[in-house]
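Student: Could we go through this structure together? I'd like to talk about charged pairs, the ligand surroundings and the surface.

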Amino acid sequence: MSVNEGKELRIIGFLCNWCSYAGADTAGVGRFAQPTDLRIVRLPCTGRINPLFIVRAFMNGADGVLVSGCHPRDCHYSEGNFYARRRLEVLKALLPVIGVDPGRFEYTWVSASEGQRWRSVVTSFTEQVHALGPMPGFKSGTSLDMCLCHLDQPQVR
Amino acid sequence: MASSIDDLKSAIKKALPELDMVIAWAAGPDPLSHTPLFITDEADVERIEWDPRCSQNLAGYLPGLRGKKVGIVVKGCDARSLVELLQEKLIDREDVTIFGLHCTGAVDARPVRKALGSTRGLESVAVDGGTARFTVAGEAKTLPLAEALQKKCFTCTGADAEVCDHFIGEHGQPPQVTETPTTTLEELEAMSMEERLHFWEDQMTRCIRCYACRSACPLCVCQDHCAAQSREPHWVDQTDHPREKLMFQAIHALHTAGRCTECGECERACPMGLPIMTLKQALNRSIQDLFDYRAGTDPDQAPPLFEFREEEKNIKEREW
Ligand code: SF4
Ligand code: SF4
Ligand code: SF4
């Protein structure tokens with residue numbers, strides 16, 4: 001079952017290896033029904049996440065990005081998620097200024113045993129992104145693209 | 001400012017024998033912006049200029065001169081860049097001799113050139129009260145500050161160099177600029193998300209990818225290691241698509257997050273006049289709310305992204 005019959009959106013998940021990736025696995029092993037829009041990228045730690053991964057994902061057409069790691073104080077590397085929390089909060093300030101709706105990005109914490117919680121996070125986030133629809137794209141292209149499209153317009157000389 | 005400049009010259013002359021170099025401003029090819037002057041010889045001290053045309057933030061030269069004994073002349077905002085460099089241990093306090101001044105505002109060369117028509121024979125520029133005064137070929141002209149000064153001066157948080165070794169002249173208040181135009185940030189706030197994306201798309205279509213914004217930024221110290229040049233990973237591709245140029249602006253904003261003092265050099269250097277400091281201003285606002293922090297104010301404080309708290313007072317995580 002998918003919450004969104006038919007049309008999937010491109011949602012990227014950056015998950016830490018130790019908690020959230022294992023939590024997503026727990027949800028899978030438990031055969032919990034969940035939306036299938038999410039593409040997961042596994043990373044050693046949320047501290048490894050450069051906020052630019054997320055900006056790049058949006059620039060390349062992602063409709064939503066979800067980051068998930070170990071709960072605070074449970075990080076495999078002790079402090080990776082504490083640094084991540086600050087960086088991702090700052091990223092949250094940048095996205096709406098460049099025109100990415102704040103609802104398209106969330107970060108959260110899911111542990112290895114929280115299969116149910118993983119399911120509800122993915123489900124709510126997917127619904128939230130679907131409510132916003134596909135990410136608007138750029139209208140123009142490179143200068144060359146623009147020249148080529150002007151060639152078809154006789155009024156432009 | 002005549003007395004300040006004489007005091008400045010004599011203070012520099014006195015300090016020069018102990019220093020490898022002093023960086024100040026001198027008249028340059030552009031009548032509306034003075035050019036950096038690197039003084040190693042006492043005779044050059046006489047070339048120093050000090051007026052609202054001393055726009056360039058000289059602090060950006062300091063990391064590259066690390067290891068030398070350098071004297072530097074700073075305005076209020078330049079001093080904040082310098083403090084940020086100290087906070088990040090990119091320069092050493094004992095090697096820098098700071099000559100601080102009270103600034104009356106820095107001219108924005110582009111609109112002023114337009115408003116004056118011709119700058120040929122521009123003799124003097126001064127700010128007094130709410131007016132900028134220009135003498136062009138013997139003729140006096142005035143402009144309101146909102147048309148003459150850089151946007152950063154409208155919200156200047158301190159026009160006196162707060163951290164310095166020699167303060168020259170009188171202390172004073174930042175320029176009182178009235179009837180300021182709407183800021184780009186305010187314009188953006190009135191737009192929908194999609195309109196904001198297209199706003200930046202339009203702006204970035206004009207970007208010529210010269211990277212002057214990066215070169216002018218006193219905090220862009222990566223030089224050849226800038227993420228924009230890396231092929232592995234390939235953060236930005238080589239096409240002139242607005243998406244790639246916006247990606248670069250996101251890199252600059254995120255790499256200066258919690259560090260940018262809003263010195264305005266990125267925007268001033270941009271040959272296309274793109275409002276790129278807006279992105280950093282937006283981050284700064286939220287950094288102030290999140291971490292109660294303003295870059296470049298306290299040499300002993302660590303920038304907020306260099307550290308963390310286990311319990312973050314102002315971060316409200318989403319409840320699922
Ligand atoms: S921001 Fe303040 S210190 Fe800097 S140039 Fe403007 S008035 Fe002077
Ligand atoms: S990003 Fe712009 S305003 Fe900020 S420190 Fe760099 S040049 Fe100055
Ligand atoms: S200075 Fe302006 S034109 Fe040059 S790369 Fe930066 S934004 Fe683009």
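**Charged pairs, a ligand site and a surface patch**

Tutor: Let us begin with Glu114(A), which is partly exposed, with a relative accessible area of 23%; please keep in mind throughout that this is a predicted model.

Student: OK, and which side chain does Glu114(A) meet in a salt bridge?

Tutor: Its partner is Arg117(A), with an N to O distance of 3.7 Å, and Arg117(A) is likewise partly exposed, having a relative accessible area of 23%.

Student: How many salt bridges does a search of the whole structure find?

Tutor: Over all chains, the search finds 25 salt bridges.

Student: Let's move to chain B, then. What does Lys69(B) pair with?

Tutor: The side chain of Lys69(B) forms a salt bridge with that of Asp95(B), at 2.8 Å from N to O. This pair links distant parts of the chain, 26 residues apart: Lys69(B) lies in the loop between strand S2 (35-39) and strand S3 (70-74) of chain B, while Asp95(B) lies in the loop between helix H2 (76-87) and strand S4 (96-101) of chain B.

Student: And Asp95(B), is that buried or exposed?

Tutor: Asp95(B) counts as buried because its relative accessibility is 15%, and buried means under 20%. Lys69(B), by contrast, is partly exposed, with a relative accessible area of 35%.

Student: What about Asp44(B), which residue does it bridge to?

Tutor: Asp44(B) forms a salt bridge with Arg47(B), where the closest N and O atoms are 3.6 Å apart; Arg47(B) is partly exposed at a relative accessible area of 46%.

Student: Which residues are linked with Arg56(A) in a network?

Tutor: Arg243(B) and Glu244(B) are linked with Arg56(A) in a network of salt bridges, and that network includes residues of chain A and chain B.

Student: Changing topic: where does ligand 2 sit?

Tutor: Ligand 2 sits in the largest cavity. It is surrounded by 13 residues, of which the closest are Cys217(B), Cys260(B), Cys263(B), Gly264(B) and Cys266(B).

Student: Which elements give two or more residues to that shell?

Tutor: Those elements are helix H10 (265-269) and helix H11 (277-291), both of chain B.

Student: Last one, the surface. Which residues form the nonpolar patch?

Tutor: The patch is made of Leu144(A), Leu148(A) and Leu151(A), which together have about 340 Å² of accessible area. Leu148(A) lies in helix H5 (residues 143-151) of chain A.

Student: Why does Leu148(A) count as partly exposed?

Tutor: Leu148(A) counts as partly exposed because its relative accessibility is 46%, and that class covers values between the 20% and 50% cut-offs.

How values were computed:
Residues numbered from 1 in each chain as written. Chains lettered and ligands numbered in written order. Predicted model: local features only at pLDDT ≥ 70, side-chain atom pairs only at ≥ 80, totals over all residues. Heavy atoms only, no water. Patch = residues over 30% accessible without salt bridge, like charges linked within 9 Å, V, L, I, M, F, W, Y side chains within 5 Å. Areas by Shrake-Rupley, 256 points an atom, 1.4 Å probe, with all protein chains shown as cover. Salt bridge = Lys/Arg side-chain N within 4 Å of Asp/Glu carboxyl O. Helix = DSSP H or I, 4+ residues; strand = E, 2+ residues; numbered from the N terminus. Buried < 20%, exposed > 50% of the residue type's maximum accessible area, 1.4 Å probe, protein only. Near = heavy atom within 4 Å. 1 Å grid on protein atoms, 1.4 Å probe; cavity = no way out; pocket = protein on both sides within 12 Å on 5 of 7 lines; lining within 4 Å. Sits in = over half its atoms within 2 Å of the grid points.
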